[in-house]
Amino acid sequence: MHKNDQTVDHSQHSIETLDAQAYEKHKDCVKLNLSHNSLVVIDVMPNFGNLRFLDLKFNKLKCIPRIDGLPALEAIDLSFNEIASVDGLASRSLTRADLSFNKIVLLDGLDKNVNLVHLNVSHNCISEVRPLSAKHNVSLSVGRVGLVE
């Protein structure tokens, strides 16, 4: 951990499971980088009260980890995983989320993210988008999208 910016960088460590107790000593970190590992599922996300940025790109995640125990989280990068659903992406503090290069088909259930202003879901298999509030800036890179009202 870099003391001056409170960053924990555990990228490229071949991590397969996240042991919440092992991260207890880093509970005050602001940035956590777990990118380029082999995480498939994160059952329990450690309680990081000050965590503002979580980097989980280039793993093997099948679903979004529960982030409700991260009250200060502003940005999350879940790009280049195997995520099929946006279920679990629910945070009042979240302003930016990158879910590009996953396997998402339906974009729905994001209304709980009242402060979300940027959502990148490009390079997915999205066939349906449920309406979002006007302030959501959604970056989509798909051919045709069906809008359900």
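Guide: Aspartate 77 is a place to start; it lies in strand E4, residues 75-77. This is a predicted model, in which local features need pLDDT of at least 70 and side-chain atom pairs count only at pLDDT 80 or more, while totals for chains, interfaces and linings use all residues. Residues are numbered from 1 along each chain as its sequence is written, and side-chain values use heavy atoms, with hydrogens and water left out.

Visitor: What makes a run of residues a strand here?

Guide: Strands (E, at least two residues) and helices (H or I, at least four) are DSSP runs, numbered from the N terminus. The chain has ten strands and zero helices.

Visitor: Why does aspartate 77 count as buried?

Guide: Buried means under 20% relative accessible area, exposed means over 50%, and partly exposed is in between (1.4 Å probe, protein chains only). Aspartate 77 has 11% relative accessibility, so it counts as buried. Of the 149 residues of the chain, 40% count as buried.

Visitor: Which residues does aspartate 77 touch, not counting those up to four places away in sequence?

Guide: Aspartate 77 touches Phe53, Leu54, Asp55, Leu56, Lys57 and Asp98. Contact means heavy atoms within 4.5 Å.

Visitor: What makes lysine 57 and aspartate 77 a salt bridge?

Guide: The term requires a side-chain nitrogen of Lys or Arg within 4 Å of a carboxyl oxygen of Asp or Glu. For lysine 57 and aspartate 77 the N to O distance is 3.9 Å, so the pair meets the definition. Lysine 57 lies in the loop between E3 and E4 and aspartate 77 in strand E4, so the pair ties together parts that are 20 residues apart in sequence.

Visitor: Which residues do salt bridges with shared partners join into one network?

Guide: Asp55, Lys57 and Asp77 are joined in this way. The side chains of lysine 57 and aspartate 55 also meet in a salt bridge, at 2.7 Å from N to O.

Visitor: Are aspartate 55 and lysine 57 buried or partly exposed?

Guide: Aspartate 55 is at 4% relative accessibility and therefore counts as buried. Lysine 57 has a relative accessible area of 22%, so it is partly exposed.

Visitor: How many salt bridges does the structure hold?

Guide: The structure holds six. One of them joins arginine 52 and glutamate 74, whose closest N and O atoms are 4.0 Å apart. Arginine 52 is in the loop between strand E2 (31-33) and strand E3 (53-55), and glutamate 74 is in the loop between E3 and E4, so this pair ties together parts that are 22 residues apart in sequence.

Visitor: Why are arginine 52 and glutamate 74 called partly exposed?

Guide: Arginine 52 is at 42% relative accessibility, so it counts as partly exposed. Glutamate 74 is partly exposed because its relative accessible area is 37%.

Visitor: What makes phenylalanine 80 partly exposed?

Guide: Phenylalanine 80 is found in the loop between E4 and strand E5 (96-98). Its relative accessibility is 32%, so it counts as partly exposed.
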